[in-house]
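Work through the exercises below with the structure open. Each task is followed by a worked solution.

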Number of protein chains: 2
Amino acid sequence: MKEATKGERRPARATIRDVARCAGVSIKTVSRVINREANVRAATRERVMEAVQELQYEPNPAARGLAGRRTFSIGLLYENPHEFSYVQQILDGVFGVCQAHGYALLLRPSSEEPAADDMVRFLTQTRVDGMVLTAPVGDRPDITDALAERQVPFVQISPGITDTRWTSVGPDDFAGGRALTEHLLDLGHARIGFIKGDPRHGAASARLAGHLRALGDRGMAVDESLIVPGLFDFESGKEAAHGLFRLAHPPTAIVAGNDDMAAGVIVAAREAGIDLPADLSVAGFDDSPTALHTWPPLTTVRQPIVEIASQAAELLLEWIRGERDVHVRKTFDCRLVVRRSTSAPGA
Amino acid sequence: MKEATKGERRPARATIRDVARCAGVSIKTVSRVINREANVRAATRERVMEAVQELQYEPNPAARGLAGRRTFSIGLLYENPHEFSYVQQILDGVFGVCQAHGYALLLRPSSEEPAADDMVRFLTQTRVDGMVLTAPVGDRPDITDALAERQVPFVQISPGITDTRWTSVGPDDFAGGRALTEHLLDLGHARIGFIKGDPRHGAASARLAGHLRALGDRGMAVDESLIVPGLFDFESGKEAAHGLFRLAHPPTAIVAGNDDMAAGVIVAAREAGIDLPADLSVAGFDDSPTALHTWPPLTTVRQPIVEIASQAAELLLEWIRGERDVHVRKTFDCRLVVRRSTSAPGA
DNA sequence: GGCTACACTGACACCGTTGTCACCCGGTCC
DNA sequence: GGACCGGGTGACAACGGTGTCAGTGTAGCC
């Protein structure tokens, strides 16, 4: 006890050796126990566990990483977003899974033009065990190839093209877009504007495809002038809407590729003195917080983002641990959420 | 060349030994060069640098952490937020600095009741070199004490109380609140409602204090019934507004503690059939994206969040590297942003 | 009873850095 | 000319785990 009185500044974390001594076994056995390896007698395991408890032992991740050549950390690649809530939810989902499995999460916000080299540098610097990739950066073949070449496991969220060589998770954007348009058709709209999303996102074209299918199913002709470009952000939605308003024969309803653009449409309508929803129905996509902050609140499609993200992380960890060796594509259903921004035309 | 043809699956990262051999020096010298230590002859340094370039050497963080007892990573503690854009901007700021200095960023989203124990576990699990703490969790004495006790450097963002024992960074909430109210007084408003923010946030009371000071400076009496509680989220803003509308003598203007609540006020006004800004002026705080998505767009106060966050990270790294040994408190000026949600009463 | 198989355990090298300390060397000081 | 100094460098031992492999004990089998 005497020697303990000095230099006890930092409580000096217990090491695997301390645990081994305390439990009366070798360090290797302690290692086996904390890594849940087989072939440890139940009684031994218990003794070790108790020692771990008593000493409040936490394995040193650096040492683990060095010796075991894995870091127990994964990276999340995402693009600097307009849609804050989207990223936040992705983060939530991925983080939750990481925490549950004792993995650390390293962020990789990517700038506009994230050279694959940049990705590679991230890998060698951090030595993450795997990556979760979000669209649209996660789609780029140079990125995926760089990862594949280095045999770094990864999972894509909402990739544009579903490449069977890799595993991915995403919402059913097609069905969502279709449901939205069907909803408007059911209300009696005949001229429906559609604001496309950022063309780099696969989701943008999938949602449009759903829209077109809905029209086709009802035998409606497609008026190309009603389909206008957008970039998924508020400003582009506003501009696109003004463009549609100027049409000789403007639409009675507008489907925006996401909620932010829909919010832009609403503001554009106010600027143009158009009454909502009487003179114009507006629908978005995502069911982001924005959808409730507009007036009237937005009819939209909810995609289970958090769930999608956790699923992605879950699949990644399975792959890392070697519990799965075949690539899959998981699709999540979306749900139409009807609010007051849509109504029968003229109502 | 012949032996290279086999087993070149993984390119096998270069280690410090490879660099040493290539440069014709000892590994220790390489270590000195990459850590920018003094006492290396310029010529030697150059030779090593070239070898580093040629071999694309990146030091192994795990080995570095193990030997040097620091991880070159810092943690970011934040609370699961309603204000997505706020967190996102904090992240941006902190991340930018981390990247510039070769540090990794580990997230710690904290749940409702983040026991200090939880914080401690995070520290021992990750062994981060320091922490950036955001309000309101970062205020809790049990958290700060736990960090101080373990001698883990930290910097607070927007703490409630400015404790001179620690370093912190934040906006001048007081001045911001004051400017907002002065703006409304200048427009001719005499009855101004104020929706407080989440009481756990220091920013909430500072903004209110600014409001009260503005009133006091003009010799206006304070009507307690006009000051109502809120929680910084949309819903609480909406409810608070409805409460104010029901008053016998309702306000002609409302200052909300932040933009989300202000958006709630606007929706509440629409629900109540109140015309904006003619019958009611509304102001927010933060200049979040929401401020532009409402109609009319919000008068608000812009706080330089990204800058605040980078400053915090910068200060933290200085402290970690031992370049600073005195605690400071940095305050950033806010800027009033006037938009169309405020006007003279009745105008 | 002897042999094999297998469950369990430990000794020890090794992962790729940094910290410590000793050493070399040229210049300065008395 | 010897003692001293300090910049520049390298040898070597950590750091705290995991991988490999050999050893031990017990059960199952002929």
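**Exercise 1: the DNA-facing surface**

Sort the surface near DNA strand D by residue class.

Solution. The surface near DNA strand D holds ten nonpolar, nine polar and four charged residues. Nonpolar means Ala, Val, Leu, Ile, Met, Phe, Trp, Tyr, Cys and Pro; charged means Asp, Glu, Lys and Arg; the others, Gly among them, are polar.

This is a predicted model: local features need pLDDT of at least 70, side-chain atom pairs count only at pLDDT 80 or more, and totals for chains, interfaces and linings use all residues. Residues are numbered from 1 along each chain as its sequence is written, while chains are lettered from A and ligands numbered from 1 in the order in which they are written.

**Exercise 2: who supplies it**

Find the residues closest to DNA strand D, then the helix with the largest share of the surface.

Solution. Next, the helices (DSSP runs of H or I, at least four residues, numbered from the N terminus). Helix 2 (27-34) and helix 4 (61-68) of chain A, and helix 2 (27-34) and helix 4 (61-68) of chain B, each supply at least two residues. Helix 4 of chain A gives the largest share, five residues.

**Exercise 3: the symmetry**

What rotation superposes chain B on chain A?

Solution. Superpose by least squares on C-alpha atoms of residues with pLDDT of at least 70 in both copies. A rotation of 180° with 0.0 Å of shift along its axis does it, RMSD 0.1 Å. The two copies are therefore related as by a two-fold rotation axis. In chain B, the C-alpha of Ala62(B) is nearest the axis, 2.2 Å from it.

Conventions: A residue is near a molecule or strand if its C-beta atom, placed from the backbone, lies within 6 Å of it.
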